[in-house]
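Biologist: I'd like a close look at one part of this model, the side-chain contacts between rings and between charges. Take me through them slowly, cut-offs included.

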Amino acid sequence: MAIEKCINEFDIGDVIFEEASTGRELFDVLDGQVEIARVDGTRKTVIVTLGKGEFFGEMAVIDGSSRSATAIAAAPNTRVMRINHARFVYLVSQQPAFALMIMDALSKRLRASNDINYRAAANL
């Protein structure tokens, strides 16, 4: 598949994927910004804002579960590259540095989430 077919462009406020949707792709931010948020009706809680070189959607591509949050373009001309499950498996198996990059990011995200949860539990 040509790389151009894997690149999508979004404008501010465009939804890349919604929480609870299914998907077997992860996304790499090429340009712009993407908000990862929980949306409840008209209320949006931004979990993190990602920029160039960062990725999102990795949990669904790894375990096939539904999306845990909504991804929304937060800058004009936000471009992302879609990496489907087959390409992800290929990259992980053929490029150890790619696999380590994914594991490093997952570890950092889990630690940040744990810190938030521990602080919330301590304040009960």
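Modeller: Let's start with F98, which is buried, with a relative accessible area of 14% (buried means under 20%, exposed over 50%, partly exposed in between, using a 1.4 Å probe and protein chains only). Bear in mind that this is a predicted model: local features need pLDDT of at least 70, side-chain atom pairs count only at pLDDT 80 or more, and totals for chains, interfaces and linings use all residues. Residues are numbered from 1 along each chain as its sequence is written, and side-chain values use heavy atoms, with hydrogens and water left out. F88 counts as buried too, at 7% relative accessibility.

Now the rings. A pair of aromatic rings is described by the distance of the centres and the angle of the planes. Searching the whole structure turns up four aromatic pairs (rings of Phe, Tyr and Trp, the last by its six-membered ring, with centres within 6.5 Å; planes under 30 degrees apart are stacked, over 60 edge-to-face, the rest tilted). One of them is F17 with F27: centres 5.7 Å apart, planes at 40°, so tilted. That pair links distant parts of the chain, with F17 in strand β2 (residues 15–17) and F27 in strand β3 (residues 25–31), 10 residues apart. Helices (H or I, at least four residues) and strands (E, at least two) are DSSP runs here, numbered from the N terminus. Both F17 and F27 are buried. Back to F88 and F98: their ring centres lie 5.9 Å apart with planes at 70°, so this pair is edge-to-face. F88 belongs to helix α2 (residues 85–94) and F98 to helix α3 (residues 96–122), so the pair ties together parts 10 residues apart in sequence. Ring pairs also join F17, F27 and F56 into a cluster.

R67 has its charged end over the ring of F17, 4.0 Å from the centre (NZ of Lys or CZ of Arg within 6 Å of the ring centre and within 35 degrees of the ring normal). R109 does likewise over F55, at 4.8 Å from the ring centre.

Finally, a whole-structure search gives six salt bridges (a side-chain nitrogen of Lys or Arg within 4 Å of a carboxyl oxygen of Asp or Glu). Among them, D31 and R79 meet at 2.9 Å, N to O. D31 sits in strand β3 and R79 in strand β8 (residues 78–84), 48 residues apart, so to speak a link between distant parts of the chain. D31 is partly exposed at 28%, and R79 is partly exposed at 29%.
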